[in-house]
Amino acid sequence: MVARLVIAAPSSGSGKTTVATGLMAAFAASGLAVSPHKVGPDYIDPGYHSLATGRPGRNLDAYLCGTELVAPLFAHGAAGCDVAVVEGVMGMYDGAAGAGELASTAQTAKLLKAPVVLVVDASSQSRSVAALVHGFVSFDPEVRVGGVILNKVATDRHEGLLREALEEVGVPVLGVLRRQAAVATPSRHLGLVPVAERTAEAVASVAAMGELVRQGCDLAGLLALARSAPPLGAGAWSAGEGMAPEAAGVRPVVAVAGGPAFTFSYAEHVELLTAAGAEVAAFDPLRDEELPEGTSGIVIGGGFPEVYAPELSANEALRKAVGEFARSGGPVAAECAGLLYLARSLDGRPMCGVLDAEARMGERLTLGYREAVAVADSALAATGTRMRGHEFHRTVIEPGAGPVPAWGMHRPERRVEGFVQRGVHASYLHTHWAAEPGVARRFVAGCLR
């Protein structure tokens with residue numbers, strides 16, 4: 001059994017990331033082994049969680065993976081830890097559009113049987129906070145709100161008014177946080193700037209969050225609440241379950257892109273590749289001029305290549321190496337940023353030239369869950385493979401699909417998208433391979449061939 005808390009809020013911008021990351025850091029500094037988790041498909045917040053705890057930040061997404069995998073994935077990540085902190089997404093009851101509670105923080109809390117701490121931005125209210133908290137506590141009786149943390153409290157008098165109001169609701173105040181510039185993290189077009197791009201500044205921000213929570217929150221009370229969670233009643237997910245390596249003794253090298261330009265990845269993907277028999281080797285397209293020795297397959301996930309287009313383009317040696325590998329028929333799985341990197345150009349700067357397409361920054365944010373089916377056999381999926389995914393980008397690639405598309409989309413609109421050519425599968429769609437481990441097994445089998 002792992003003690004656990006879900007950090008939720010009435011809406012985005014209330015301070016969930018500050019509180020969740022700060023609580024992780026404060027618990028870790030007290031000597032506890034802390035397991036960090038994030039509700040939803042977000043790749044950026046888990047980077048800050050990892051910095052706070054020294055463990056991989058892991059996502060829990062009931063839309064991408066199905067409700068039946070949320071507790072097992074949590075148990076897998078939290079194995080051996082003293083306490084787990086789960087940061088919610090958006091407002092507590094917000095989930096996949098048009099799908100009720102699916103993929104919401106509230107649903108995740110119920111699936112984990114975890115008590116919830118509600119973070120409230122109290123900057124423009126006093127007694128009204130009682131009505132707000134009462135509404136969130138009573139909306140779904142199956143969600144157990146065990147306490148409130150008041151954020152952006154102005155003065156001692158303001159704090160007194162808030163506490164007095166909340167006495168009427170009967171929900172304990174487990175923390176009061178003042179405004180503090182040191183905990184602010186810079187944002188841009190897709191949210192916070194990833195940890196890998198800030199390094200020293202990110203370390204300082206996380207330390208400041210930890211100190212803010214240590215000083216302003218009842219850590220003993222929060223830990224006691226976490227320990228009040230009942231047994232989870234779910235076995236841990238295993239990357240190796242049903243995943244016998246394709247060829248015993250032969251471990252093909254799968255090169256996985258990383259570095260500041262390619263920071264979007266789920267920890268389970270590397271675990272699945274390893275379980276399928278691959279030797280995973282990281283490379284940084286900004287700095288490395290060669291692919292890892294013996295590369296038999298390439299995985300290029302999401303990130304911010306548009307921010308680093310000049311540097312990516314300047315690394316001509318690696319662009320040529322990736323292009324030659326792809327044109328030779330080697331397996332390549334590219335998501336979003338990887339798709340752009342394989343194009344002829346990005347914002348007018350030469351990229352790998354694998355795909356007959358041009359990419360550029362656009363004006364509109366494309367964001368949302370998708371239902372997709374593979375429309376052709378590829379290195380990643382057999383025709384007819386159904387997966388749920390997520391799009392999150394402000395770039396545009398033209399054309400949006402090749403002669404052989406990667407996916408047929410069925411929600412929210414019907415269209416084809418992405419590229420399948422030779423061994424390349426490239427698409428904007430982010431997927432979570434734990435939902436369909438066969439894609440990792442298929443990819444590694446292709447590397448062996």
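**Close-up views of a predicted model**

**View 1. Helices α1 and α2 pack side by side.** In this predicted model, helix α1 (residues 16–29) packs with helix α2 (residues 45–53) at an angle of about 20°, and their axes are 8 Å apart. Because angles under 35 degrees count as roughly parallel, α1 and α2 are roughly parallel to each other. Their crossing is right-handed. From α1, the contact takes in Thr 17, Thr 21, Met 24, Ala 25 and Ala 28, while α2 brings Asp 45, Tyr 48, His 49, Ala 52 and Thr 53. Sorted by class, the residues of this contact are 5 nonpolar, 4 polar and 1 charged.

View 2. The crossing of α6 with α7 is right-handed. Look for Val 129, Ala 130 and Val 133 on α6, and for Leu 162, Ala 165 and Leu 166 on α7: these residues make the contact. The contact of α6 with α7 consists of 6 nonpolar residues, with no polar and no charged ones.

**View 3. An open sheet of 6 strands.** Follow the strands in the order β11-β10-β12-β13-β21-β20, and you will find mixed pairing. At the edges are β11 (279–283) and β20 (419–421), each of which pairs on one side only. From one strand to the next, the twist averages 15°. Within the sheet, β12 and β13 form a parallel pair with 3 bridges. To find your place in that pair, look for Ile 298, which stands opposite Val 332 in β13.

**View 4. Two helices lie across strands of the sheet.** Helix α10 lies across β10, β11 and β12, and runs at about 140° to β11. Helix α12 (residues 316–327) lies across β11, β12, β13 and β21 (424–427), with an angle of about 110° to β12.

**View 5. Helix α14 is largely enclosed.** Of the 11 residues of helix α14 (residues 438–448), 8 are buried, so the rest of the structure largely encloses this helix. The buried residues are Gly 438, Val 439, Ala 440, Phe 443, Val 444, Ala 445, Gly 446 and Cys 447. What do they pack against? Their partners are the strands β10 (253–257), β12 (295–300), β13 (332–335) and β17 (386–398), together with helix α10 (267–275).

View 6. Cys 336 is not a glycine, yet its phi is positive, at about 55°. You can find Cys 336 in the loop between β13 and α13 (337–342). Is Cys 336 buried or exposed? With a relative accessible area of 5%, Cys 336 is buried. Asp 347, also a residue other than glycine, has a positive phi near 50°. Its loop runs between β14 (345–346) and β15 (349–350). Asp 347 counts as partly exposed, at 37% relative accessibility.

View 7. The bond in question runs from Glu 398 to Pro 399, and its omega is near 0°. Where does Pro 399 lie? Look in the loop between β17 and β18 (407–411).

Terms used
Residues are numbered from 1 along each chain as its sequence is written. This is a predicted model: local features need pLDDT of at least 70, side-chain atom pairs count only at pLDDT 80 or more; totals for chains, interfaces and linings use all residues. Side-chain values use heavy atoms; hydrogens and water are left out. A crossing is left-handed if the near helix is turned anticlockwise from the far one by less than a right angle, and right-handed if clockwise. Helices (H or I, at least four residues) and strands (E, at least two) are DSSP runs, numbered from the N terminus. Contact means heavy atoms within 4.5 Å. Ala, Val, Leu, Ile, Met, Phe, Trp, Tyr, Cys and Pro count as nonpolar, Asp, Glu, Lys and Arg as charged, and the others, Gly among them, as polar. Buried means under 20% relative accessible area, exposed over 50%, partly exposed in between (1.4 Å probe, protein chains only). Two strands pair if DSSP finds at least two bridges between them. Axes are lines fitted to C-alpha atoms, for helices over the stretch in contact, and angles run from 0 to 180 degrees between N-to-C directions. Angles under 35 degrees count as roughly parallel, over 145 as roughly antiparallel, 65 to 115 as roughly perpendicular and the rest as oblique.
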